Amino acid sequence: MARIWLHIGHGKTGTSSIQCAMADRSRLRRDVIYPVRGRGDQMAHHGLFPLKEAAYGPEIIQMLQQLSQRLASVNIPVLLSSEHLCHASKRKVTQIARAFAGHELRVVYYIRRQDDLLASSFRQRQSAQPGAFPDPNLFLERFSKGFDFESRLQPWRAVFGDEAITVRLYHPEVVGSDVVGDIERLLGLPHWPDRAPAQRNPSLTAAGTRKVMQAATVSPDAARRLARELRGVDTDGDNSPFYDESNRRMLMERYHHSNRRVAEQFLDEQSAALLLKAYFQIS
């Protein structure tokens, strides 16, 4: 029986860094198993956990069962990681539990304050799909349901129970500057001083995002090329936030009650206080 950790997201909480680092560690250190099967170019296991449809088809179930069988005699931690999992239906979560029956399954979910998460997600959307949802408020209305952490957790709580779930707040005062180190400690892995730098999916700045959005009005292809050039670059221009203080306060009020319930059940006192503050302080 293996201890299998299911890292279910949330997107924009260092998931790409975790996935790339665990792929490297599985190959070089061999003290964790991060299966090759189902991994894509970005190292996430999206191939094992496709986003579409309310239930997994026979081919996916067969892959999961085969993987479960191969892990039967493993005595080191196993990690499966896909941001798709925090959007999984209860039926999909039940299928996962059945496929890995006999193993010890644990769930880890990184969350990030919605005012900070939405701003980062908006910039990411403009980087990946220039011109899509260019209005920050329309973007919020379109995707707000996906940022309700209580709803994202509900299928996992129903199938696995709260005792199998660990929720970590993606915040510099909690995980520091290295979310990979945080999940390594959670998995009981020793410090790896020679590990490559953690950041693998650098974001656009607000100014860079605005330049890409402007370019998209002329040529989406040119905007995509510009986005690749500006990711992780300290770009000159208008770096004011897309959501001002008033919007951020309203946003956190919108999620306040569900955030409080998640905090009371899953977070320590420090993390709960940081999640429930009125709005994120932008330096």
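A residue counts as buried when its relative accessible area is under 20%. The close-up views described here are taken from a predicted model.

**View 1. Residue E184 in helix α8.**
E184 is found in helix α8. Its relative accessibility is 3%, so E184 counts as buried under the 20% limit. Leaving aside residues up to four places away in sequence, E184 touches M22, R25, L189 and R195. With one of these residues, R25, the side chain of E184 meets in a salt bridge, at 2.9 Å from N to O. Because E184 lies in helix α8 (residues 179–187) and R25 in helix α1 (residues 15–28), the pair ties together parts that are 159 residues apart in sequence. R25 is buried, as is E184.

**View 2. A network of salt bridges around R25 and R195.**
Salt bridges link R25, R29, D31, D178, E184 and R195 in a network. Within it, R25 forms a salt bridge with D31, and the closest N and O atoms are 2.7 Å apart. Both of these residues, D31 and R25, are buried. A salt bridge also joins D178 to R195, with 2.7 Å between the closest N and O atoms. This pair links distant parts of the chain, 17 residues apart: D178 is in the loop between α7 (172–175) and α8, and R195 is in the loop between α8 and α9 (206–216). D178 is partly exposed, with a relative accessible area of 24%, whereas R195, at 17% relative accessibility, counts as buried. The count of salt bridges comes to 17.

**View 3. Strand β1 and its two partner strands.**
Strand β1 (residues 3–7) is mostly covered, four of its five residues being buried. Strands β1 and β3 run parallel and are joined by five bridges; here I4 stands opposite L105 of β3. Strand β1 also runs parallel to strand β2 (residues 78–81), to which four bridges join it. In this pairing W5 stands opposite L79 of β2.

**View 4. The largest nonpolar core.**
In soluble globular proteins, nonpolar side chains tend to be buried together. The largest nonpolar core of this model has 73 residues, of which I4, L6, I96, F100, I111 and W156 touch the most other members. Strand β3 (residues 104–111) gives the most to this core, with six residues. The contacts of L6, not counting residues up to four places away in sequence, are L80, I96, L105, R106, V107, V108, W156 and F160. Another core, of seven residues, lies apart from the largest one and has L204, V212, A223 and A227 among its members.

The whole structure holds seven aromatic pairs. One of them, Y109 with F149, is edge-to-face, with 6.2 Å between the centres and 80 degrees between the planes. F139 is buried at a relative accessible area of 2%, and F143 is buried at 18%. Ring pairs gather F122, F133, F139, F143 and F242 into a cluster. R142 lies over the face of F143, 4.7 Å from the ring centre, and the charged end of R210 sits over the ring of F242, 4.2 Å from its centre.

Conventions: Residues are numbered from 1 along each chain as its sequence is written. This is a predicted model: local features need pLDDT of at least 70, side-chain atom pairs count only at pLDDT 80 or more; totals for chains, interfaces and linings use all residues. Side-chain values use heavy atoms; hydrogens and water are left out. A salt bridge is a side-chain nitrogen of Lys or Arg within 4 Å of a carboxyl oxygen of Asp or Glu. Buried means under 20% relative accessible area, exposed over 50%, partly exposed in between (1.4 Å probe, protein chains only). A nonpolar core is a set of buried Ala, Val, Leu, Ile, Met, Phe, Trp, Tyr and Cys residues joined through side-chain atoms within 4.5 Å. Contact means heavy atoms within 4.5 Å. Two strands pair if DSSP finds at least two bridges between them. Rings of Phe, Tyr and Trp (its six-membered ring) pair if their centres lie within 6.5 Å; planes under 30 degrees apart count as stacked, over 60 as edge-to-face and the rest as tilted. A charge sits over a ring if NZ of Lys or CZ of Arg is within 6 Å of the ring centre and within 35 degrees of the ring normal.
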